[in-house]
Amino acid sequence: MSQAPWAETLGVDAVVSGWLASGAVRRCLAAERLIGESSGAGAPIPADLAPGLRHALAARGIRELYTHQAEAIAAARAARHVVVATPTASGKSLCFHLPVLEALAEEPTASALFLYPTKALSRDQEHSLRELIAEAGLDLPATVYDGDTPGDARRVARERCRVLLTNPDMLHAGVLPNHARWAGFFQGLRYVVLDELHTYRGVFGSHMAHVIARLRRIARFHGSEPTFVTATATIGNPREHAARLIGVAPDDVALVDRSGAPRASRHFFLYNPPIVNEELGIRKSSLKQAVSLTADLVRAKVPTLVFGPSRNSVEVMLKYLRAEVGDVAGPNAIMAYRGGYLPETRRAVEAGLRNGEILCVVATNALELGIDIGDLDAVVCVGYPGSVAATWQRFGRAGRRGTTSIALMVCSSDALDQYLARDPDYLLGSGAEEARIDPGNTEVLIQHLKCAAFEAPFRITGAGNRPARPEAAHGERYLTLDSGETRQALEYLSSHGLVHEAGGAFHWSGEAFPANNVSLRNIGWDNFVIIDVATDKSIAELDWRAAHTMLHEQAIYQHDAEQFQVERLDYDNHKAFVRKVAPDYFTTALTYRTVAVIEEHESRPFGRARIGAGDVKVEEKVTGYKKIKFFTHENAGYGDVHLPEMQLHTTAFWLTLPEALVDSLGEPRASVVDGLRGVGRALETVSTLCLMCDPRDIGQTLGDGSAPGDDRAPGRDPFSGRTGGFDPTIFLFDTLPGGVGLAPRIYQRVGDLLSRARALIERCDCDAGCPACVGPTEEQGSRKGVAVRILEGLSGPGHVEWAQETERAALGM
C-alpha cells in the first residue's frame with residue numbers, strides 16, 4: 001500500500017532514501033558509503049567493586065562493562081598509568097570515574113584531580129560526576145575550581161574538597177604556586193584524570209607537559225605519587241603522546257585502544273556543490289547547500305549538529321535555516337552555539353539538546369570536545385576542518401543511541417576541499433594524525449623551571465660545592481634534563497639573580513611571581529564586551545582578534561540570527577555599542593598580512609638562494625569590509641575600516657630566491673610564486689613533524705626579500721613582476737608572541753628539512769599536488785612539478801652538501 005501524500009516521512013532512513021532518489025543530490029555526491037555496524041564485547045563488572053558503585057551502575061541499567069572499560073579500570077586499580085584511546089561515545093568516562101571514586105570511598109584522606117582543557121568542559125563534567133557520586137551514596141565533595149569560582153567557594157575547595165575539577169591554566173597559575181594552601185589535597189592525591197588528551201599538542205602541549213611535571217614534583221613534595229588515567233579521541237600515537245605528557249617511558253603506560261562498545265551503522269556522504277560557472281570553476285555556496293540538506297533532516301525530525309567554518313557563517317546558516325524550516329520546527333528548535341555567546345546562553349543550548357527541546361544546533365568547533373549534548377542522529381560538516389582526526393571527532397558526535405546516523409560533509413570551493421572531492425579515500429582511508437609535543441624546547445623549559453623553583457627548592461647534591469663535571473652532579477632532575485643539566489640550568493638562573501644556592505638546594509630569589517608571566521596558550525588581549533544600546537545590557541563578548549573583523553564600526557554583528565549594527569567601538573575600553581537593525585545584508589572583513597624583518601640575527605647563502613633568521617613583525621590589518629546580500633550572496637558594496645594593526649613580534653626563518661634563480665627556472669613568475677607556496681607548504685609540514693609541534697604553532701607567508709636598510713624600492717607584492725628586486729621569500733614564523741625557538745631551529749636544520757621536503761614531494765603519488773605534499777592548487781599547471789624544480793634549482797652545480805643532505809633524507813624517511 002502506497003503512503004498517503006500527507007503522511008510525514010520521518011527519521012534517518014527517510015532522509016537517506018530521499019537523497020539517493022533525488023537526481024539533484026545524487027549527482028553531487030563525490031562519495032557515498034555505508035559504514036557497517038559492529039557488535040560490542042562485554043566484560044563482567046569486578047566482583048570486588050565498591051557496593052555503592054555497583055548499585056549506581058545497576059540503577060543505570062548497566063549489567064556489564066565494555067571490554068575496554070574493564071581493561072582500563074583494572075590498570076588504574078593496579079596503580080598503572082593508562083591511556084584510553086577509543087572512539088567518541090564509547091563510554092570512556094566510566095574508565096576513570098569508577099576506579100577514582102572507589103579509591104576515594106575506601107580511603108577517607110584520598111583525593112583526585114580532574115583536568116579538562118576548557119572551563120566549559122570541566123563544568124559540564126562536574127554535573128555527570130556529581131550524579132554518579134549521589135547514585136553511589138558517597139559523601140565526596142566535588143567542585144570546579146577556575147577563574148569563575150567565587151572567593152568563598154575557593155576557600156571551601158582548598159579546605160574540604162576531595163575531587164577537584166579544573167583546567168591547565170588554573171592549575172599552572174592558581175594552584176601549584178599556592179600548593180602550601182592545598183597541602184591536605186596534595187598529601188592524599190591518588191589519581192589525576194587527564195581528559196581530551198589530543199588537545200594537548202604543539203606548543204600548548206609542551207607547556208602542559210611542564211605543568212604536569214611541576215604537578216608531580218609538588219605531589220612528591222607532599223608525599224604522594226598519583227596515577228594518571230588519560231583519555232583521548234583517536235590519534236596516531238596515543239601511548240607515546242601520553243607518556244611524553246606525563247613524563248614517563250611508553251612502557252609505563254597501559255594502552256587501551258580496542259573498543260568493546262557497539263557501533264551503529266553510519267551513512268557517510270561527501271557532497272560537492274554543483275558548478276555554476278564552468279570556465280571559472282565556481283560552485284554554488286557551500287553554506288546554502290548545507291542549509292538545504294540540513295533542512296531535509298530537520299523536517300524529518302532528525303536531531304542534527306551542523307559545524308560551520310566560522311562564527312559569521314554559523315549565524316548566516318542559522319538565519320537561513322530558520323527561514324526555511326522555522327514554521328515546521330519552531331524558531332527555538334534551531335539554535336547556534338559558538339564562542340562569543342555568554343556562558344548562560346551556551347549552557348541553555350546544551351540543556352536543550354540533552355532534553356530534546358532543541359532539534360538542530362549550528363556550531364563552530366566549540367562543540368568538538370566531549371560536552372554532553374545528548375543523542376544526535378546526524379552531523380553536517382561544512383568544509384574540511386583541517387585534519388582527519390578532527391573530522392571523525394565531529395562525526396562521532398552522532399549515533400550515540402545505537403541507531404543509524406548520518407555523517408555529511410559539504411565541500412567548499414577551497415582547494416583542499418576540492419582535493420577531497422576528487423580523492424575521498426584520503427579522508428576515508430587515512431589514519432588519524434599523530435599528536436606531537438616537545439617538552440625539551442629550551443624557551444618553554446626555562447619558563448617552567450622558574451615556576452618550579454618558585455614552588456619548591458631544587459635539591460642538588462653538591463650545591464654550593466660544584467662538582468668538577470656536570471655529569472657528576474646528583475640529586476633532583478627536571479623533566480627532560482638529567483641531574484647535571486638541571487644544575488646547569490639552575491646556575492643559569494642564578495647568574496641572572498633568580499635563584500641562589502644555600503643548604504644543598506637552589507632557592508627562588510626573584511621578586512616576580514613567575515607563573516603570571518607564562519601563558520600556556522596563544523591568547524590575545526582581554527575580550528570586548530558587546531552592549532545593546534537599546535537595553536544597555538551586555539549580549540555577548542568577543543576575543544581581541546575577532547573584534548577587529550566583527551566589531552568595527554558599521555559592521556553587522558550577528559547574534560542568534562538577529563542583526564546588530566556597530567554604532568561605536570570604544571577600542572581602548574574594549575566595548576562595542578550595537579543597535580538591533582533589519583538589513584538585507586551582512587558584512588565580512590577584508591584583511592591583509594605582511595611580515596617585516598626587524599633584526600636579522602643570522603644569514604648565509606644556501607646553494608643559489610639565501611636563508612636567514614631573526615626578529616620580525618607580523619602585521620595583520622583590517623582595511624575594509626564588504627557587504628554581502630542575504631540569500632543571494634551578491635556584493636552590495638564596500639566600506640573602510642580604521643583600526644590599528646594587529647601586530648605580532650616574533651621570530652622567523654626565511655628563504656629568499658634571487659631574481660636570477662627565478663628567471664633560470666623558465667617558468668612564468670606567477671607559476672614560480674605558486675610553486676614556492678608549495679615548497680613552503682611542504683617545508684612547514686616536515687618542520688612540524690621534525691620539531692614536534694602543532695601546525696598552528698608555525699605561520700607561513702610569502703613576501704619580498706628586502707632586508708632592513710635595503711635601499712631598493714620596497715615593493716611588497718611578489719606578483720608584481722617588476723624588473724629588479726623580484727626576490728620572492730618564504731617566511732616561517734612562530735605564531736606565539738616573542739617566539740618559542742622554532743624559527744631558529746628551522747634555520748639550524750634547513751638542509752635536512754628542505755631535503756625531507758623534497759623527498760616528501762617526490763614520493764607522493766599525486767600528479768599535480770595534494771594535501772599530503774605541496775597542497776592542492778587551482779592554478780593552471782602543476783604546483784608539484786614547479787616546487788620540485790625550485791628545490792632542484794637551489795643547489796645548482798657543485799653544491800655537494802645539498803646533494804648529500806637530500807640523499808640522507810631519502811634514506812632516512
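**Figure 1. R216 is buried in this predicted model, with a relative accessible area of 13%.** Its side chain meets that of E225 in a salt bridge, 3.4 Å from N to O. E225 is partly exposed, at 46% relative accessibility. Burial here means under 20% relative accessible area, so R216 at 13% qualifies.

**Figure 2. A salt bridge joins the side chains of D674 and R783.** The N to O distance is 2.8 Å. The pair links distant parts of the chain, 109 residues apart. D674 lies in helix α22 (residues 669-690), and R783 lies in helix α25 (residues 783-795). D674 is buried, with a relative accessible area of 6%. R783 also counts as buried, at 11%. Elsewhere, salt bridges with shared partners connect D48, R77 and E102 in one network.

**Figure 3. D148 and K119 form a salt bridge.** Their closest N and O atoms are 3.2 Å apart. D148 sits in the loop between β6 (142-144) and α7 (151-160). K119 belongs to helix α6 (residues 119-135), 29 residues away from D148. D148 is partly exposed, at 47% relative accessibility. K119 is partly exposed too, at 36%. The structure holds 38 salt bridges.

**Figure 4. Seven strands form an open sheet with mixed pairing.** The strand order is β1-β11-β18-β17-β14-β16-β15. β1 (29-35) and β15 (334-337) stand at the edges. Each has a single partner strand, so one side of each lacks a neighbour in the sheet. Neighbouring strands are turned by 15° against each other on average, direction ignored.

**Figure 5. Strands β11 and β18 run parallel.** β11 spans residues 266-271, and β18 spans residues 405-410. They are joined by 6 bridges. H267 stands opposite I406 in β18.

Methods:
Residues numbered from 1 in each chain as written. Predicted model: local features only at pLDDT ≥ 70, side-chain atom pairs only at ≥ 80, totals over all residues. Heavy atoms only, no water. Pairing = 2+ DSSP bridges. Helix = DSSP H or I, 4+ residues; strand = E, 2+ residues; numbered from the N terminus. Axes fitted to C-alpha atoms, helices over the stretch in contact; angles between N-to-C directions. Salt bridge = Lys/Arg side-chain N within 4 Å of Asp/Glu carboxyl O. Buried < 20%, exposed > 50% of the residue type's maximum accessible area, 1.4 Å probe, protein only.
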